[in-house]
Structures are given as structure tokens and as C-alpha cells.
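Please read the following report with the sequence and the model side by side. It is written for someone who meets this structure for the first time.

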Amino acid sequence: MDYSEELLAKICDCGEQMLTPEETALYLELDEATLSDEINTSGTLVRRYYLKGVMNTVYSMRQSLFETACAGSPYALSQCKDLILKAATESNL
């Protein structure tokens, strides 16, 4: 399926709102099976746009978590420690 830049931007926005691929398809009035398959296929353009949206939200949430940890929240400090260990492990540090 061909996706216009406008549609790709909307798919990115849906990813930012943490909509599932099926919810994204319904919201944008696209075929659910087709969009889900393309989002779940590595290397597709639509997957990159969707995941970019999801990661924008994850980044924002983690930034808020970091700020809360810096303010002294014990829960946020614990969560940040876990994320640091995960990052170190996955990058072979």
C-alpha cells in the first residue's frame, strides 16, 4: 500500500497516542489486516513512522520519570536505576 506523507504523519501521531495498529487502522479508516501486517513487518516505512510515534511518547515519559527521580522520588529513582541497567546490559557495557 502506498502511504502519503500526510497519512504517515497521522500514523506517527497514532503511535504517539499509544493506539494499537488495529486501533490506528480503525481511527484512520484503513484496512486493519493490511496496516497491522505492514506495521509488524520489519523494515517497512509505515512501521518506522508508527514506532517513531511510540518512541516519542516513551522518550517523553522517561524524561518525566528522570525529572521526578532528580526531585527525589524513591519510585522514580528505582525505575531509573532499572532503565540504566537495562540500557547497559543491552549495549554490552
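Predicted model: local features only at pLDDT ≥ 70, side-chain atom pairs only at ≥ 80, totals over all residues.

Residues are numbered from 1 along each chain as its sequence is written, and side-chain values use heavy atoms, with hydrogens and water left out.

**Helix packing**

Helices are DSSP runs (H or I, at least four residues), numbered from the N terminus. Their axes are lines fitted to C-alpha atoms over the stretch in contact, and the angles between N-to-C directions run from 0 to 180 degrees. Angles under 35 degrees count as roughly parallel, over 145 as roughly antiparallel, 65 to 115 as roughly perpendicular and the rest as oblique.

| Helix pair | Axis distance | Crossing angle |
|---|---|---|
| α1 (residues 5–16) and α2 (residues 21–28) | within 10 Å | roughly 130° |
| α3 and α4 | 7 Å | about 80° |
| α4 and α5 (residues 74–90) | within 8 Å | roughly 125° |

The axes of α1 and α2 cross at roughly 130°, which makes α1 oblique to α2. Their crossing is right-handed; a crossing has this name if the near helix is turned clockwise from the far one by less than a right angle, and is left-handed if the turn is anticlockwise. On the α1 side the contact (heavy atoms within 4.5 Å) involves Leu 7, Lys 10, Ile 11 and Cys 14, which meet Thr 24, Tyr 27 and Leu 28 of α2. By class, these residues are five nonpolar, one polar and one charged, where Ala, Val, Leu, Ile, Met, Phe, Trp, Tyr, Cys and Pro count as nonpolar, Asp, Glu, Lys and Arg as charged, and the others, Gly among them, as polar.

The helices α3 and α4 pack at an angle of about 80° and are therefore roughly perpendicular to each other. Here Leu 35, Glu 38 and Ile 39 of α3 meet Val 46, Arg 47 and Tyr 50 of α4, a contact with four nonpolar, no polar and two charged residues.

The axes of α4 and α5 cross at roughly 125°, which makes α4 oblique to α5, and the crossing is left-handed. From α4 the contact draws on Arg 62, Leu 65, Phe 66, Thr 68 and Ala 69, and from α5 on Ala 76, Leu 77, Gln 79, Cys 80 and Leu 83. These residues divide into seven nonpolar, two polar and one charged.

**The nonpolar core**

A nonpolar core is a set of buried Ala, Val, Leu, Ile, Met, Phe, Trp, Tyr and Cys residues joined through side-chain atoms within 4.5 Å, and buried means under 20% relative accessible area, with exposed over 50% and partly exposed in between (1.4 Å probe, protein chains only). The largest such core has 14 residues, and those with the most contacts inside it are Tyr 3, Leu 7, Ile 11, Leu 28, Leu 30, Leu 35 and Val 46. At least two residues of this core come from each of α1, α2, α3 (32–39) and α4 (45–70).

Leu 35 lies in helix α3 and counts as buried, because its relative accessibility is 1%. Leaving aside neighbours within four places in sequence, Leu 35 is in contact with Tyr 3, Ile 11, Pro 21, Thr 24, Ala 25, Leu 30 and Val 46. The C-alpha atoms of Leu 35 and Met 1 are 8.7 Å apart in space, although the two residues are 34 residues apart in sequence.

Met 18, placed in the loop between α1 and α2, has a positive phi of about 60° although it is not a glycine, and its relative accessibility of 43% makes it partly exposed. In the loop between α2 and α3, Glu 29 has a positive phi near 60° and is likewise a residue other than glycine; at 73% relative accessibility, Glu 29 counts as exposed.

Thr 57 is found in helix α4 and is buried, with a relative accessible area of 16%. Not counting residues up to four places away in sequence, Thr 57 touches Gly 15, Glu 16, Gln 17 and Met 18. Met 61 also has its place in helix α4, but Met 61 is exposed, with a relative accessible area of 52%.
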